[in-house]
Amino acid sequence: MKKFLVAVLALVLVMTACLASAEGAIKIGVIGPMTGAAADYGTSVANGAAIAVEEVNAKGGIQIELNVQDDEHDPEKSINAYNNLWDWGCQMIVGTVTTNPCIAVGAQAYEDRMFMLTPSASSTDVIADKDNVYQICFTDPNQGSASAQYISDHTLGTKVAVIYNNADAYSTGIYQTFEAKAKELGLEVVAMTTFTDDTTDFSVQVTSCKEAGAELVFLPIYYTPASMILQQAKAMEFAPIFFGVDGMDGILSIEGFDTSLAEGVMLLTPFSADGQDEMTVNFVKKYTELYGNVPSQFAADAYDAIYTLAAAIEKAGITAETPAEEACDMLIAAMQELEITGLTGTMTWAATGEVTKSPTAVVIKDGAYVGAQ
Amino acid sequence: MTLFLSYLINGISLGSVYAIIALGYTMVYGIAKMLNFAHGDVIMIGAYVSFCATQYLGLPPLVSVIFAMAACTALGIVIEGLAYKPLRQAPSLAVLITAIGVSYFLQNTALLIWGANPKSFKSVVDFGALSLMNGQLLISSETIVTILANIVIMIALTTFTGKTKVGKAMRAVSEDKGAAELMGINVNATISMTFAIGSALAAIAGVLLCSAYPTLQPTTGSMPGIKAFTAAVFGGIGSIPGAMVGGILLGVIEILGKAYVSTELGDAFVFAVLIVVLLVKPSGLLGKTVREKV
């Protein structure tokens, strides 16, 4: 009986919530892993988006209503989450957060003509052959050219060595675009060595970088092999600048890792929580007050995604009554004309859904990520 | 020239790690006449125990090694008793397959206990590197300690099997189990003893492996284990000095192959050596050719 009462009460509450929401608010769905192994990514996105929605609504113009659905980083559950949002009357989606679910949901959304803006799914497969899916984050290969650009702009070194994993599409893809861009910018790639998945001995790779007199070693790889390379470079008393991409993010949280090894390591990432601009300071302050921890790049990506959508909605003149199919085409047209300055840089979009923005980097100092100058 | 020498030193560093693992392989094979494919995973468990002892209990590195040796000795006796003892009369293929099963069991147990995220192992030896030729060549402290440990273990094992009563019993068991039993030797206890010693060596190998290559995860032991097996075959399986020679040569071959041919083919060189040895000299560099009596 008690259970029944609770259920009825819950139903009533849900219904009142639905009624209350019908006051001309635009319905945006969020899909991402809120539980499971990738839960940190999903909750960061949900929290970052919630802050942005609150700010947009407080301005009094466009009103947004958010509906967050959990997909546990599972493509099938992600489709279920998408269907729930469809039934709810969702007009556009911020998501999904992770790549594989995003490919699955993207295919369905393409059929249904539902607009998607993913904060963090970075594979090119996410946007391939779909005009309705846009990204806030860099695509994987773009990180390569952006890294070369950053290294050249900040004159970090002209003699560059690369160590990459040629058994891995992510690493190889980034390396190829890096090499092309480096050549264009006049960076000299003095050594290029590879390894495969199970490698633990990097002495040959590090020795060849050292012998070639590299001033900077570019590591488009995940943080586990990177941690071994740092250790072996130290053993050989080789101390160039090590430069990584988003795969390097996480190196400081390896259990037992001696963080002094990573001192001075730079990595390309769109957001650094200790940035001094007003927007970042406000966001970090709000986020820390509400959720008790420092926001990651996922939270910043989601915050930018909501602001981007709000601008696109305004430009396209979408209202709460616009059906999702119509909104999709209107948003696609609007997105290509937008220029948004957010937490993660100033962004414009190509018709493919790919974002263009200026890269920023962080450097590891005293065991923490600090914005690079 | 210095470049070649520095590759050579890298090769010896890597080879000394293979050698110390190969010693355990060869010891168990020499006495019990079985390939303990779970040896690499006992190494991994030993490294995890040492990691936990220093990281969570705050014990000094040397104590953690003794801790790991004790844990691995117990583990070795338990594995032998549960998995191999019931198969004493079974064909050797059955024992081999069981060993592979034990290997997977240990890997998955480690996955369950410590998770898949790699842990960074803090080196137990840290007294700086030995610098030669005005700092152009560096020999890490891990390498020096590993080579010293190899020599000490090699001498200790040879003396033990040659001079002590238990050691002589081991050799007797390895030559003829039936006859040894008739002479009043407890065959089961002797084989258990072999596993206990082999596993204690695995613990030392695990700590030294992870000191040199500090990433620790449930699959840490499997690849070095297989390469050390290759080293043991190369040197002559069953031969204690052969394991050390084979290990060091294999490390040098791997590194020189990577340096002068291709970094991606490092593993291929190691296993090409295995094929060549099996074709040309199946008994290995220092192994004895034993005629099978029919």
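A: A residue is termed buried if 20 or more other C-beta atoms lie within 10 Å of its own, exposed if 12 or fewer do, and partly exposed in between, with C-beta atoms placed from the backbone. By this criterion, buried residues make up 52% of the 373 residues in chain A. The model is predicted: local features need pLDDT of at least 70, side-chain atom pairs count only at pLDDT 80 or more, and totals for chains, interfaces and linings use all residues. Residues are numbered from 1 along each chain as its sequence is written, while chains are lettered from A and ligands numbered from 1 in the order in which they are written.

A nonpolar core is a set of buried Ala, Val, Leu, Ile, Met, Phe, Trp, Tyr and Cys residues joined through C-beta atoms within 7 Å. The largest such core has 204 residues, and those with the most contacts inside it are Ala49(A), Tyr303(A) and Ile306(A). Its largest share, 17 residues, is supplied by helix H1 (residues 2-32) of chain B; helices (H or I, at least four residues) and strands (E, at least two) are DSSP runs, numbered from the N terminus. Domain 1 (24-138 + 278-357) and domain 2 (141-269) of chain A both give residues to this core, so it lies between them; the domain bounds come from an automatic or database domain assignment. In general, nonpolar side chains in soluble globular proteins tend to be buried together.

Two residues are in contact if their C-beta atoms, placed from the backbone, lie within 7 Å. Apart from neighbours within four places in sequence, Ala49(A) is in contact with Val30(A), Leu66(A), Val94(A), Ala302(A), Tyr303(A), Ala305(A) and Ile306(A). Two of these residues are also bridge partners: Val30(A) pairs with Val94(A) in S3(A). Strands count as paired if DSSP finds at least two bridges between them. Strand S1 (residues 26-32) of chain A and S3(A) are parallel, with 4 bridges. S3(A) is likewise parallel to strand S4 (residues 115-118) of chain A, over 3 bridges, and Met92(A) has Phe115(A) in S4(A) as its bridge partner. From S3(A) the chain passes through H4(A) to S4(A) in a right-handed β-α-β crossover, that is, with the strands pointing away from the viewer, the path from the first strand over the helix to the second runs clockwise.

The loop between strand S3 (92-95) and helix H4 (99-112) of chain A holds Thr96(A). A cis peptide bond joins Gly95(A) to Thr96(A), with omega about -5 degrees. His73(A), in the loop between strand S2 (64-70) and helix H3 (75-88) of chain A, has a positive phi of about 55 degrees although it is not a glycine. This residue is buried, with 23 other C-beta atoms within 10 Å. Most residues other than glycine have a negative phi, and most peptide bonds are trans.

Finally, the two chains touch through 25 residues from chain B and 25 residues from chain A. On the side of chain B, H1, H2, strand S1 (119-120) and helix H10 (240-260) each supply at least two residues. The largest share of that side, 5 residues, comes from H1(B).
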